[in-house]
Every structure is written in structure tokens, then in C-alpha cells.
Amino acid sequence: MIRTQRLAVGVCALLAALTAGIAFPAGASADETTATAPKVDLVIDVSGSMRAKDIDGQSRMAAAKQAFNEVLDATPEEVQLGIRTLGANYPGDDRRTGCKDTAQLYPVGPLDRTEAKTAVATLTPTGWTPIGPALLKAAEDLDGGEGSKRIVLISDGEDTCAPLDPCEVAREIAAKGIGLTIDTLGLVPNTKLRQQLSCIAEATGGTFTSVEHTDELADKVNQLVDRAADPVVTPVATTGADQCAKAPTLKSGLYTDREEFGQQRWYRVDVPDGYELRASVSAAADRAVNPSYGLLLRATTERGREIVRGEAAGTGRTDVISTGLRYPKAEREDMEGETAPETVCLQVTHSFSAAGGVKTTPGLPLEVTVDVVHGPDASSDVAAFGLGRGWWLLGALILTGFLAGLVWGWLSRWRVAVWRTN
């Protein structure tokens, strides 16, 4: 009897242990999924100007609400979505109070569509346009986690809370290196609003879109929310050297670095025979710089002989400048067995210069992409026909057309002859 009771107790303990063992990994998996979930914060302008009725015969606010309802219905399950307002609560004239008027309407997290729609339905155009403060708070809303982070700003007017310049706020967010992208949408924008929203987007690698119809707004926001759910490639931090001999060796991937004004960065890449090196670099102006600048990416041998280069120039219209290059290394048929890969040196140089009173450290952010892939096949295999066979094809087509013309002419004359006889 005692043995039977002990056996029963042992079986219960074993079942409890197995249950706990199954439950805990599930909890860990859920936590891991939450940590890597993509996050989107929709920031909507609810200032007084949103009362204007110039979008498909309805007010800008009504168009935004309709678009938001469609977006909430289409949001992927894996996306954690929140909604923040600016200018929604303070109707007075006190500028200091109006410039603090930003609030989280719906917290960033798993989406309850009914609750979110109910919150959006309560919005009424009210006050100021504190874009800068709203962006700072939105960045805090998205803090934490390893998934993609995206702010979608929808506004119909310029920021009214200077000197807190929204463009400078966006640069500050980008300089933190938290992988946050800001996309902007302008409702019936004028030139100044277009410039401001473009500057905000470009500072973080986002996009600006001008919107004048409700369906355009819904479609664009849906695209941006869906884009947040795409897999994210996390850049690897690296530090280039001042000469090729001391440079780090990079493999295929995405890298980040910083380069001070007047500096140059060197990296090394090993390229085997029959492979092609594809490299690109982007430099971002995360602070005020003089309007004329350039970016140079050179591929050289270890002895300094230039192989190929890519270069780009800017005039201050954008905050990011990019260039790239390709270097195919031919297969060596005269060598037996495997040969050592060739070391290619990549040199990055930019000609940004700091405006007066601007800090020169840390350096400007660089993003370097390296891809070593199998080289292209012979030209005769890339296209449907090589050049030689192309001439033969052209001759065959001419001959076929000539013979078809003769046959058609003979048939036509035969039909006419038969018609006259009858």
C-alpha cells in the first residue's frame, strides 16, 4: 500500500515537472517574440487647421479618421502599434502650454482594433502643432526591444513650437543609433511644410509623401506599417583604420562606423577568383554642415593601385549621400587547384565640412554594405543570344520575312485570278 502511494506521488511529481518544463520555455518564447516584434507609432496632427474641408469634400480630420480605421483593420498581427496625438487637448493661446500638447492616445503594444478605433473616433481638431515635442515622445514610446521601429507622422501644417526645430529633433534621434525610422505624410502641403517634412524623413532614412486624397493616405500608411513587419538587418559596428594594412577585414554584411571631418576610413575584403565584390557606402549629415560636399568609395590593391571607384556629390538638399562600386574578379584558368583570394582595400572619404559653432565629434555616421557573390557567367550565357548569334538571328528573321512576303503575294494573286475566272 505504501509502495503504491509512493508510486502515485512520484508519478504526480514527474507530471508536474514535465508541465513546468513545457510551460517555462513557452513563456521564454513569448518574451522573445515580444522583444523582437516590430513597433509602429502613428503620430497624428489634431491641430485646429485639420478642420479644413479640402480632402475629397470632407475635413482633413475626417479623412485621417477614415484612413486610420482602414489601417487598423489591415495591421498585421505581429506588429505592435500605437497612436500619439499632437495638438489634441489644449485650445488656448498660451504658447508654452500649447507646445506641450502631445499625448499617447493608444499605447504601443498588441493591437485591440475595437479599442483603437474608439479612441480615434474621439479626436477633434483643437490646438497647436508641436511636431518636435511629439517626435521626442514618440521615440520614447518605441524605446526597448530589438525589432524594427517606425514613426509615421501625419500633419497638415508646420511646427509652431520653434526653436525646437523638428528637423534637428529627427537628427538627434538618428544620432542615438536606435534604428528608428520616421516617415512623414503631408496633407495638402505647401512648400515650407514639404521642406520640413522631407527634412525630418531624410534625417532618419525615411520617406515623405504628399497626400491629397483619403485613399492615398490609407494606402501609404498601410504600406509603411507593412514595411515595419519586414525582417530587419541589424548593422554590425566596426572601426575602419587610417590605412589598408591596419584595416579590419569585412565579410558580406551591413556595417556602421563614424568618420570625422577630414578623415578617411579603410576596410579590407577578400575576393576569391570567379567572385564579384559589390560595395556601397552612405554618409549621413546628423548635424548642420556646409551645403557642398562629396563622397568617394575606392577599391584598390594592397599596393595602392586603384581598381575602381564610386563617387557622389551633394548640394545640401538631402541629409544622406550614397555611392557604390562593383569589382568582378575573373576565374584564372591557368592555375591548378585553389588560389588564395585577393585582398581588396576599400577607402571611404567624404568632404563634409562643419558649419560654424558645430561640434566635429563624434564623426558623421557611415553605413557600409559589402556583398561578395559569384561572378556573372560568360556574356553568351547571360543574354538569350550572344553578339555572333544575334547577327544570325537577324539574318534568319530577314529571310523569313522575305519568304512570307512572297507566299502572301502569290496567294493574293491566286485569289484575284480565281475571282476573275468565276
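The model is predicted, so local features require pLDDT of at least 70 and side-chain atom pairs count only at pLDDT 80 or more, whereas totals for chains, interfaces and linings use all residues. Residues are numbered from 1 along each chain as its sequence is written, and side-chain values use heavy atoms, with hydrogens and water left out. The secondary structure comes to 10 helices and 15 strands; helices (H or I, at least four residues) and strands (E, at least two) are DSSP runs numbered from the N terminus.

**Overall architecture**

- Of the 422 residues in the protein, 41% are buried; buried means under 20% relative accessible area, exposed means over 50%, and partly exposed lies in between, for a 1.4 Å probe and protein chains only.
- Among contacts with a separation of 6 or more, 74% are between residues 24 or more positions apart; a contact means heavy atoms within 4.5 Å.
- The protein exposes about 23,400 Å², of which carbon and sulfur atoms supply 56%; accessible areas come from the Shrake-Rupley method with a 1.4 Å probe, and for residues only the protein chains shown count as cover.

**The largest pocket**

- The largest pocket has a volume of about 1,300 Å³, a volume being the space filled by probe spheres set on grid points that are joined across faces, edges and corners.
- On a 1 Å grid over the protein atoms alone, a pocket is an open set of points with protein on both sides within 12 Å along at least five of seven lines, whereas a cavity is a set of points where a 1.4 Å probe fits but cannot get out; lining residues have an atom within 4 Å of a point.
- The lining of the largest pocket consists of 42 residues, and G179, L180, T204, P235 and E367 lie nearest the centre of the pocket.
- Two or more lining residues come from each of the helices α6 (166–175), α7 (191–203) and α8 (214–228), and from each of the strands β4 (149–155), β5 (180–187), β8 (253–259), β10 (275–284) and β15 (364–374).
- Strand β8 gives the largest share of this lining, with four residues.
- By class, the lining has 18 nonpolar, 13 polar and 11 charged residues; Ala, Val, Leu, Ile, Met, Phe, Trp, Tyr, Cys and Pro count as nonpolar, Asp, Glu, Lys and Arg as charged, and the others, Gly among them, as polar.

**Backbone geometry**

- Most residues other than glycine have a negative phi, and most peptide bonds are trans.
- T361 and P362 are joined by a cis peptide bond with an omega of about -5°, and P362 is found in the loop between β14 (342–350) and β15.
- D56, which is not a glycine, has a positive phi of about 55°; D56 is placed in the loop between β1 (39–45) and α2 (60–74) and counts as partly exposed because its relative accessibility is 45%.
- V188, also not a glycine, has a positive phi of about 45°; V188 is placed in the loop between β5 and α7 and counts as partly exposed because its relative accessibility is 31%.

**Selected residues and their contacts**

- D156 lies in the loop between β4 and α6 and counts as buried because its relative accessibility is 8%.
- The side chains of D156 and R60 are joined by a polar contact of 2.7 Å; a polar contact is a pair of N or O atoms within 3.5 Å, where within protein one must be able to donate a hydrogen and the other to accept it, and residues adjacent in sequence count only if both atoms are side-chain atoms.
- Apart from neighbours within four places in sequence, D156 is in contact with D45, S47, S49, M50, R60, L187 and L193.
- A74, in helix α2, is partly exposed, with a relative accessible area of 40%.
- A74 touches N222 and D226, leaving out residues up to four places away in sequence; A74 and D226 are 152 residues apart in sequence and 8.9 Å apart in space, C-alpha to C-alpha.
- E146, in the loop between α5 (131–141) and β4, counts as exposed because its relative accessibility is 64%.
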